[in-house]
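Here's a quick briefing on an annotated site and on the surroundings of a ligand. Have the sequence and the 3D view open as you go through it.

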Amino acid sequence: MTTAPQTLTIRRPDDWHLHLRDGDTLNTVLPHTSQLFARAIVMPNLAPPITTLEMARSYRERILAALPEGHDFTPLMTCYLNEHVTRDTLVHGHEQGILTAAKLYPANATTNSSHGVRDVADIYPLLDTMQRIGMPLLVHGEVTRGDIDIFDREKYFIDDVMSGIRQRFPELKVVFEHITTKEAAQFVQDGDQFLAATLTPQHLAQNRNDMLVGGIRPHLYCLPILKRAEHQAALRQAVASGHPRFFLGTDSAPHVVAAKETSCGCAGVFNTSAALSVYADVFEQENALQHFEAFCSDNGPAFYGLPRNEGTITLTRTPTLMADHIGQGEQMFVPYKAGEHLSWSVKRDD
Ligand SMILES: NC(=O)N[C@@H](CC(=O)O)C(=O)O
């Protein structure tokens, strides 16, 4: 019987899926990421979405300008794919180090995705270019057909869209973002070195009962929506196996309280501050703490072909109360695990 560790020191992590927003929200939420994470893949679903090099460059500058004194953090920018994006944007963005990846949102799948892709064949020329230059394709994997139940949207996406992309572009690096089902976990495990997935804290730690039983909890509503417990179990087993193509992507997606607590609330969980503690709990509960560091800090850089970070962070087994709210006035957000005790406190070591 081994005793439970009181501290966990790991290489500084990255967040491979993050929504930072813009303006006042960016100022409020960015420090919660940059105080611990070294880099993040910044999602491009602003209104309007990031579809040109100029937009990506200026968004990156706004992020860097919003960083608190003393925080070293590198935003990795992404392009929002649709039929208006040019091959030159991707090629030059890649060459100039401005665009790390490009994101496929099926039209109307989620927040600010009305400009997304209606028919994936429309962007085949772009995918061909990305395969050639080695730019990863990041995929929101849900079909949006009205006849498909919301809980089945990811499963159908695998057969309807994802398999076709993989067959047509076998050496295109693809990240199946924020996977939520046993089918997606299996699909990635059955894939090759060109296919990986991110997993969020809430999809590992919760299932749809947590959102719907005993009252509806709007702050757990996100897309893809939380699934039933058997899917949660499959996701937990996938990360606990230490498989190298699963890595940390919080999908932290802040929306102000007024947009969440309303008759038609937005999808998104603002989970940045609780993320590392919740991930650590999941690995510990699955007796897989030996794979925690690789999930947070090694597997992502390996897939993206980027160096691992210098420096470390330490998680200490000191229960920490998560605030009820973050921000104030109209810029008020309810964080994931609000008002609950997290098992771990997390600090940078340097
Ligand atoms: N995850 C979410 O529920 N929401 C994201 C968009 C997305 O990634 O689906 C957002 O930008 O709000």
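**Annotated site and ligand shell**

Lys103 sits in strand β5, which runs over residues 99-104. Keep in mind that this is a predicted model. Lys103 is one of the residues that an unreviewed UniProt entry marks as "binding site", along with His140 and His178. These residues span 76 positions in sequence, yet no two of their C-alpha atoms are more than 12.7 Å apart, so they gather at one spot.

**Lys103**
- Lys103 counts as buried because 25 other C-beta atoms lie within 10 Å, and the cut-off for that label is 20 or more.
- Setting aside residues up to four places away in sequence, Lys103 touches Met43, Pro44, Thr78, Tyr80, Leu81 and Leu138.

**His140**
- You'll find His140 in the loop that links β6 (137-139) to α5 (153-168).
- His140 is buried too, with 25 other C-beta atoms within 10 Å.
- If you skip neighbours within four places in sequence, the contacts of His140 are Leu104, Tyr105, Pro106, Ala109, Thr110 and Glu177.

**Around the ligand**
- His140 turns up again here, as one of the residues surrounding the ligand.
- Thr110, a contact of His140, is also part of that ligand shell.
- The rest of the shell is made up of His19, Asn45, Thr111, Cys222, Leu223, Asp251, Ala253, Ala267 and Gly268.
- By residue type, the shell splits into six polar, four nonpolar and one charged.

Methods. Residues are numbered from 1 along each chain as its sequence is written. This is a predicted model: local features need pLDDT of at least 70, side-chain atom pairs count only at pLDDT 80 or more; totals for chains, interfaces and linings use all residues. UniProt positions are given in the numbering used here, feature names are shortened, and annotations may be inferred rather than shown by experiment. Helices (H or I, at least four residues) and strands (E, at least two) are DSSP runs, numbered from the N terminus. A residue is buried if 20 or more other C-beta atoms lie within 10 Å of its own, exposed if 12 or fewer, and partly exposed in between; C-beta atoms are placed from the backbone. Two residues are in contact if their C-beta atoms, placed from the backbone, lie within 7 Å. A residue is near a molecule or strand if its C-beta atom, placed from the backbone, lies within 6 Å of it. Ala, Val, Leu, Ile, Met, Phe, Trp, Tyr, Cys and Pro count as nonpolar, Asp, Glu, Lys and Arg as charged, and the others, Gly among them, as polar.
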